[in-house]
Every structure is written in structure tokens, then in C-alpha cells.
Amino acid sequence: MRLQCLFAALCLGVGVIAGKYSRELNEPKPNDRDGQAVEFRIAKLNQVWEKAQRMQLSPVRQAELHSDLKIQEKDELQWKKMKVEGFDENGEKEAQLRRNFHVILAKYGMDGKRDTRPLESNSLKDHDIKEEDAFDDPRLDKLWNKAKISGKFSDEELLNLKREFQHHKDKIHEYNILMDTVSRTEEIHKNVISPLEGDTKEHVLQQKHTELKHKMRDLNQGFERLRKLSHEGFTEDSEFREPRVIELWEAAKRANLSNDELESLKEELRHFETKVEKHSHYKEQLELSHQKLQHVEALGDKEHIKRNKEKYDTLAEKTREMGYKMKKHMQDLSNKISRQGLQHNEL
């Protein structure tokens with residue numbers, strides 16, 4: 001019943017917004033030089049995707065990678081248009097795109113390093129609360145263990161809290177990737193001979209250090225919120241459940257917006273949260289569909305395999321599309337909050 005309401009709310013509330021992100025997804029897939037259909041319009045993104053096909057990524061992580069690459073493709077094509085029109089003369093946007101691409105490679109273990117970082121949790125496992133749950137950070141583990149035995153949380157609230165802890169763990173992972181990128185860039189910077197090239201790299205390094213500073217601030221604020229939540233429990237007037245939506249709402253409240261702007265944004269965030277929940281549901285269904293397909297393949301009935309493979313492929317495509325729309329919407333909301341906050345600070 002809840003899922004039916006969720007779908008209805010999504011269709012009624014964000015139909016117009018969804019259309020905004022659907023146009024490019026409905027375009028025919030591009031072709032390479034030999035006329036073969038390819039997944040992306042940028043060669044290096046196709047190379048990453050083809051490599052991913054050969055790796056043992058779970059269906060959910062493969063879908064997540066696809067939506068991350070679609071966002072990267074959109075941003076790079078927009079940048080190329082900006083470049084033609086004479087924008088980004090100092091290369092700031094170009095450096096950010098390179099950084100984002102490296103983050104994608106590192107996130108999915110494609111950066112040429114032996115990946116010792118933990119993989120993102122399977123969404124199905126989020127339904128279980130196990131004693132051995134760990135977040136690879138002593139402070140998070142300590143908070144989580146205290147929260148579990150505190151008696152302040154129902155089972156559903158513990159699941160919501162666990163999602164928030166997992167989200168914070170993922171943000172720590174992203175911060176470590178960026179730290180690694182900055183360290184390697186500084187090593188290269190030391191070996192630069194040309195003064196002109198040195199100035200360019202100095203500018204890029206300053207950008208990265210600024211981004212690191214912002215991410216560390218976000219991590220500290222996020223941890224403080226988790227600490228407070230673990231000690232005090234959820235309040236009845238909690239606005240949102242999904243960690244990414246909560247993060248956006250907290251950023252909006254810090255952005256010095258007017259009450260009317262906050263109310264308008266709150267309504268948009270509610271629609272966005274519905275979209276996030278629907279995407280999470282599809283990821284769970286994709287994992288279940290993959291397990292069923294593996295079972296059918298083991299039995300060897302070709303007709304049965306064909307039917308289940310078609311269902312699985314359709315669900316995988318739908319999950320990728322929804323992942324892209326959700327991440328694009330989150331990107332737009334984040335930019336909107338930053339713009340509005342900047343405008344208020346300038347007044």
C-alpha cells in the first residue's frame with residue numbers, strides 16, 4: 001500500500017520535473033566510427049563502461065556507475081559548449097571535470113590501484129541490523145553501537161539511522177579519494193619546470209584545497225548531527241527520512257534563505273525524497289531479479305532463462321535511468337541552494 005502511494009505521489013508531484021530530465025534519455029544511443037551503437041557520446045566514458053562490463057560489479061553498483069557516467073557526460077558536453085562560447089578561460093570548470101572523473105574511477109576501483117576501500121553496501125542488506133555492522137571509522141562504530149543498545153529507537157528508526165551512518169561513511173570515502181587526488185597533484189606540481197604551467201597547476205591546487213576544506217566542514221557538521229541524533233533520538237517533527245535529502249535541507253537552513261524560499265524548497269525536497277525512495281525500491285528489485293536469473297540459469301531451461309533475462313535487462317535499464325534523473329535533480333537542488341545562499345550573502 002505504501003509503495004502504491006509512493007508511486008502515485010511521484011507521478012502527481014514530480015511529473016513535470018521528471019520530464020525535464022527525460023529528454024536526453026529518450027534520444028537514440030550514439031554510434032562509434034564504425035556505426036556501432038555505443039552507450040555514451042564521449043570515448044573515455046565508453047571505455048570505462050566497457051571495462052565495467054568485464055568487472056565483477058554487482059548489478060546495483062553497475063547501475064550506479066552508469067548514472068554517474070551519464071552525469072559526467074552531461075557536464076562535459078555542457079563544458080565543451082561553454083568553451084566554444086569563450087567561457088572557462090582559466091580552466092576552472094575543466095579541472096573540476098577531471099577531478100570528478102577521477103573520483104568516479106576511484107569510487108568503482110578503476111583507478112589502477114589495488115582497491116582496499118570497502119564497497120558500498122548492497123541495498124538489500126540495509127534491511128538487516130546485525131551485531132557485526134561496522135562503518136570503518138571508530139567514531140561512527142562507537143556512536144552506532146551506543147544507539148543500538150540505547151532503547152531510543154524502534155526497528156524502523158534504526159534502519160533510518162543506519163542509512164544516515166552509511167551515507168556519512170560514503171562521504172568519508174569521497175573525501176579520502178579527493179585527498180589522494182590532491183596529494184598526487186602536489187607531487188606532479190613539485191616537478192613542474194615551466195613557470196606558466198606552474199601558475200596553472202597552483203590555481204588547480206588551490207581549488208582542490210578549497211573543495212577539501214568544504215568537504216571537511218560538511219563531514220564535521222554531518223558527524224555532529226549523527227552524534228546529536230544518536231543521543232536524543234528522532235523527533236516527531238523530523239522533516240525528512242533520506243540522508244541525501246536531510247543533507248540538502250540542513251544546507252538550505254544554513255544558507256540564510258527567507259522563510260518563503262525555505263517553504264518552497266521544502267516542498268521540492270519532499271518530491272525529491274519520493275524520487276529517492278522509488279529509486280531505492282528499484283535497486284532492491286534489480287538485485288532480486290539478478291538472484292532469480294542466476295537461479296534460472298543454473299537450472300538450464302533456455303526459454304525460462306530468456307524470459308528472465310529480458311525482465312532483468314528492462315529493470316536494469318529503468319534503474320539506470322531513474323538513478324540519472326535522481327542524481328541530476330540532486331545536483332540541481334544543490335546548485336540552487338548554493339546560488340540562493342550566495343545571493344543573500346551579497347545583499
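This is a predicted model: local features need pLDDT of at least 70, side-chain atom pairs count only at pLDDT 80 or more; totals for chains, interfaces and linings use all residues.
Residues are numbered from 1 along each chain as its sequence is written, and side-chain values use heavy atoms, leaving out hydrogens and water. Local features need pLDDT of at least 70 and side-chain atom pairs count only at pLDDT 80 or more, while totals for chains, interfaces and linings use all residues.

**View 1. Helix 3 meets helix 9.** Here you see helix 3 (residues 59-84) and helix 9 (residues 259-299), whose axes come within 9 Å and cross at roughly 135 degrees. Helices are DSSP runs of H or I with at least four residues, numbered from the N terminus; axes are lines fitted to C-alpha atoms over the stretch in contact, and angles run from 0 to 180 degrees between N-to-C directions. The two helices, helix 3 and helix 9, are therefore oblique to each other (under 35 degrees is roughly parallel, over 145 roughly antiparallel, 65 to 115 roughly perpendicular, and the rest oblique). Helix 3 brings Pro59, Val60, Ala63 and Glu64 to the contact, and helix 9 brings His279, Lys283, Leu286, Glu287 and His290 (contact means heavy atoms within 4.5 Å).

**View 2. A closer look at Ala63.** Ala63 sits in helix 3 and is buried, with a relative accessible area of 4% (buried means under 20%, exposed over 50%, partly exposed in between, with a 1.4 Å probe and protein chains only). Setting aside neighbours within four places in sequence, Ala63 is in contact with Leu286, Thr319 and Arg320. Look for Met322 too: Ala63 and Met322 are 259 residues apart in sequence, yet 9.6 Å apart in space, C-alpha to C-alpha.

**View 3. Glu76 and the residues it touches.** Glu76 also has its place in helix 3, and at 9% relative accessibility Glu76 counts as buried. Not counting residues up to four places away in sequence, Glu76 touches Ile42, Lys44 and Leu97.

**View 4. The second largest pocket.** A pocket is an open set of points on a 1 Å grid over the protein atoms alone, where a 1.4 Å probe fits, with protein on both sides within 12 Å along at least five of seven lines; lining residues have an atom within 4 Å of a point. Of the 27 lining residues, Glu164, Arg225, Ile246, Glu250 and Lys253 are the closest to the centre of the pocket. Helix 6 (155-190), helix 7 (195-232) and helix 8 (243-254) each give two or more residues to the lining, and the largest share, nine residues, comes from helix 7.
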